[in-house]
Amino acid sequence: MEPDGFPLYTTQEKKSLIYRVYACVHFSGITGLIYYRLMHIPSENYWPWIVIFVAELGFSYRWILEQTFRWWPVQRTVFPKRLSQRFERDLPPVDIFICTADPIKEPPLTLINTVLSALALDYPLEKKLSCYVSDDGGSPLTFYALLEASRFAKIWIPFCANYSIQDRSPEAYFSNSNAKENVNLHFTRDWKHANKMYLELKDRINKVMEMGSVPADKQKEHKGFKDWVSGNSRRDHPSIVQILLEKGEDRDIQGNDLPDLIYVSREKRPGIPHHYKAGALNVLLRVSGVMSNAPFILTLDCDMYTNNCEALRQAMCFFMDPKTGDQFAYVQFPQSFHGITKNDLYANNLKTIFDIQYEGIDGIEGPFYVGTGCVHRRDALCGSERRESSSKYHKAAAYSIVCTEEDESVAKDKTSPSKVLKHARDLANCTSEDNTLWGKEIGMIYGCAVEDVLTGFVIHCRGWKSIYCTPKRNAFLGCAPNNLNDTLIQHKRWAVGHMEFFVSKFCPCLYGIQRTLIAQRMCHSFYSLWCLSSIHILCYGLIPGLCFLRGQSLFPKASSSWFFLFAALAVSAYSYSLIEFIWIGGSFKTWWNDQRMWMIKSVSSYPFGLIEVAGKLIGVSEVGFEVTNKVVDSEAAERYEGEIFEFGVASALFVPPATLAVINLISLAGGLARILQEGYSAFECMILQLVLCSFIVIISYPILEAMLMRKDTGRMPASITILSISVAVSVCSVASMTIPASSGEEI
């Protein structure tokens, strides 16, 4: 046994002198580029030059903001065994919040695997865990699936505990071909029984989903179905709170207490804002506050199952550290995904963000809250300012939600959840937030589509810090989009939310100046300006190609000394990006897909997001919340596994990248024809534009292939192809009238 003086976690700085030297040299190159642009402005036909210069200033500003992620990176190591040795009996209770919204787009089988994996976490179950599921769809199908899961939990939880199972999602575990490799006869018997019960559970749920409603005989199995009456809809129904498992009342097959499992569907009425996921989480905060009132809260998306059974213990290593535990408001785990293709076709793993940038911001004041895979301190989430720690840091009072004196008295009462059910339903009503600080200072902050990031920022502004925990085995695994449209929708939602954040009263450039470091606010600004970055990316994707088509040079010719500055900046930036990507475990193909998706998102999701936010600001539209589809057909799944881009639907999000690809293809063909006609002098002046135009065409190959060559159902729809080609031809025609032909001499 190790001495009590050993820390529960360690922090290792990862500062790199080599990178800092590289950054300084690269910054000098950027300064030289700006000097060149200012000193060589053409006397006529200068507008393309000015546009490109402004775009380059935009790239430079983004690059400077990004350096804050790379200047102070750290890596944390936790010691859960030390935690168990010292605090096993004193481990604090944890409430688990899981949100779902649509049983069609978010299948109940996916939800119950997340729920079962959370209930089976390696954590003291006796009066320690309570799981709350928010169903914003108010669907009896979801409730039925949870009822089935509550029965299977009586088998699954002891099975996981008895045999130290790591994959605590039944679907993930039983799909693993190595799961049954155990010579223990007792294990084999229990494995077969658990597998049989799970397959039967899946069959019952699938049959009900196919029917589209819960049969009358199954509704008799739980009194909770009486809450669904005729006339209810997902947007118009009363609050529903039902207990499916209750500590002290329900036991597993071995006679041990089971955690609480509570279904919550908040009241919804037409015309009353419900604030999407943020509103759902605030309802869970209030309901749990009077039912279990745990001092810590784990938030999960409905598709983000537990992959590391020690995740809660690892988080507690930070909260319960005697020296620094009182500083931390939340512990954020990386957002990781299962079902990713070998080379991560749609760049869903977000490796640069979670493997590089989040380690960098962890060295400042801590990572952003990303909405899932995060363990919160309840009082910090509910608006408390950071206070000095007492010696009883791990036993501190949990309840800090201030609504009414009645709420507080109910929360302090030690009665069982079933005895406060009526009051919990009242807290899930539409009017429970009226004339309160909910959504303004208490709980999740309302006002933008990335309520998680905004809430984390406000928590930092109250003096708290956060921690980034990266265990060797991923703590949680989610379901990533497996087609391009859903991927672009997801990134548009994130971009819109960050832009809303930037233009709100919580703008990171202005809010919390006295409480947060400038580096932390620069990191927030980097993400908040995703939408605006689309402008200079679009300019750089269009103008050089169109000028190449017309023979107008925008860069130094090859014989000029300035040529090497531009070439060196491009080569060094891409070389460093590739080396860094491979260093964190990627491959060249994965990096190439990441670069392609960066370009596609930048010219599609981000400009659409910018338009959406602008429409909201001038009052002509509202920003909505689009649920990402978790269902895919077999043909699309086969193409996804083969790493073939999936278009299939006529989405407006496909038009900009398709148009950009066609414009650069036309420009490349026209520019090469001009070079062949005019000879080396034209090539010398146009070499950088030739390279840039060729790069865009090559990286856009899957788009051009889907438009012009593919015949399967995942190809680009004909309507999008025709529209994109028409727009591209029109743009090239306008360019031929507005950009005069040049002799090819250096400007």
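Trainee: Is Val133 buried or exposed, and what is its relative accessible area?

Mentor: This is a predicted model, where local features need pLDDT of at least 70, side-chain atom pairs count only at pLDDT 80 or more, and totals for chains, interfaces and linings use all residues. Residues are numbered from 1 along each chain as its sequence is written, and side-chain values use heavy atoms, with hydrogens and water left out. Buried means under 20% relative accessible area, exposed over 50%, and partly exposed in between, with a 1.4 Å probe and protein chains only. Val133 is therefore buried, its relative accessible area being 0%.

Trainee: Where does Val133 lie, and which residues is it in contact with, leaving aside neighbours within four places in sequence?

Mentor: Helices (H or I, at least four residues) and strands (E, at least two) are DSSP runs, numbered from the N terminus. Val133 belongs to strand E4, residues 129–135. With contact meaning heavy atoms within 4.5 Å, and sequence neighbours within four places set aside, the partners of Val133 are Ile98, Leu111, Val115, Leu146, Leu261, Ile262, Tyr263 and Val264.

Trainee: How far apart in space are Leu109 and Leu91, C-alpha to C-alpha?

Mentor: Leu109 is in helix H4, residues 108–119, and counts as buried at 16% relative accessibility. Leu91 is 18 residues from Leu109 in sequence, and the C-alpha separation of the two is 31 Å.

Trainee: How many nonpolar, polar and charged residues does the contact of H3 with H10 have?

Mentor: On the H3 side are Pro80, Leu83 and Ser84, which meet Arg313, Gln314, Met316 and Cys317 in H10. Ala, Val, Leu, Ile, Met, Phe, Trp, Tyr, Cys and Pro count as nonpolar, Asp, Glu, Lys and Arg as charged, and the others, Gly among them, as polar. The contact of H3 with H10 thus has four nonpolar, two polar and one charged residues.

Trainee: At what angle do the axes of H24 and H25 cross?

Mentor: Val697, Ile698 and Ile699 in H24 meet Tyr701, Pro702 and Leu704 in H25. By class, that contact of H24 with H25 has six nonpolar, no polar and no charged residues. The axes of H24 (residues 680–699) and H25 (residues 701–708) come within 4 Å, and they cross at roughly 60°. That makes the pair oblique.

Trainee: What is the phi of Asp344?

Mentor: Most residues other than glycine have a negative phi, and most peptide bonds are trans. Asp344 sits in the loop between strand E10 (336–338) and helix H11 (351–362) and counts as buried at 5% relative accessibility. Among the residues that touch Asp344 is Thr590. The phi of Asp344 is positive, near 50°.

Trainee: Is Tyr276 buried or partly exposed?

Mentor: Tyr276 is found in helix H9, residues 276–291. Its phi is positive, about 55°, although it is not a glycine. At 35% relative accessibility, Tyr276 counts as partly exposed.

Trainee: What is the radius of gyration of the protein?

Mentor: The radius of gyration is taken over C-alpha atoms, and the globule rule is 2.2 Å times the number of residues to the power 0.38. For 747 residues, a compact globule would have a value near 27 Å, and the protein agrees with this at 28 Å.

Terms used
Axes fitted to C-alpha atoms, helices over the stretch in contact; angles between N-to-C directions. Parallel < 35°, antiparallel > 145°, perpendicular 65-115°, else oblique.
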